[in-house]
Amino acid sequence: MTISFAIILLTLLLSLFHFAYGYKEAIRISNEEGPVHGLSLIVSFPLGFVFAYLCSIFYL
């Protein structure tokens with residue numbers, strides 16, 4: 001396994017993790033009553049996109 005393949009796998013797994021975590025937080029927030037703190041949701045989706053972009057860069 002080369003180092004670029006390992007980086008691709010790492011960024012892919014991190015991207016999937018952040019999208020799944022953001023989805024879980026969105027569901028949790030939608031069931032709350034009253035004011036909520038959505039910082040983890042706001043941070044997790046952009047990080048998912050960043051890692052997906054890095055994965056596509058290392059794929060080339």
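How much relative accessible area does Lys24 have, and does that make the residue buried, exposed or partly exposed? Lys24 comes out at 45%, so it counts as partly exposed. Some notes on the rest, bearing in mind that this is a predicted model.

1. Overall fold. You get two helices and zero strands here. The C-alpha trace runs to about 50 × 15 × 10 Å along the principal axes. The radius of gyration is 14 Å, against the value near 10 Å that a compact globule of 60 residues would have.

2. The protein exposes about 4,600 Å², with carbon and sulfur atoms supplying 76% of that. Take the contacts between residues at least 6 apart in sequence: 56% of them join residues at least 24 apart.

3. Salt bridges. The count is two. Arg28 and Glu25 are both in helix 1, three residues apart, or about one turn of the helix. Through shared partners, Lys24, Glu25 and Arg28 form one network.

4. Cover on that network. Glu25 has a relative accessible area of 4%, so it is buried. Arg28, at 37%, is partly exposed.

5. Nonpolar patch. Phe5, Leu9, Leu12, Leu13 and Leu16 make a nonpolar surface patch of about 460 Å². Leu12 sits in helix 1, which covers residues 3-30, and its 37% relative accessibility makes Leu12 partly exposed.

Definitions and conventions. Residues numbered from 1 in each chain as written. Predicted model: local features only at pLDDT ≥ 70, side-chain atom pairs only at ≥ 80, totals over all residues. Heavy atoms only, no water. Patch = residues over 30% accessible without salt bridge, like charges linked within 9 Å, V, L, I, M, F, W, Y side chains within 5 Å. Areas by Shrake-Rupley, 256 points an atom, 1.4 Å probe, with all protein chains shown as cover. Salt bridge = Lys/Arg side-chain N within 4 Å of Asp/Glu carboxyl O. Helix = DSSP H or I, 4+ residues; strand = E, 2+ residues; numbered from the N terminus. Buried < 20%, exposed > 50% of the residue type's maximum accessible area, 1.4 Å probe, protein only. Rg over C-alpha atoms; globule rule 2.2 N^0.38 Å. Contact = heavy atoms within 4.5 Å.
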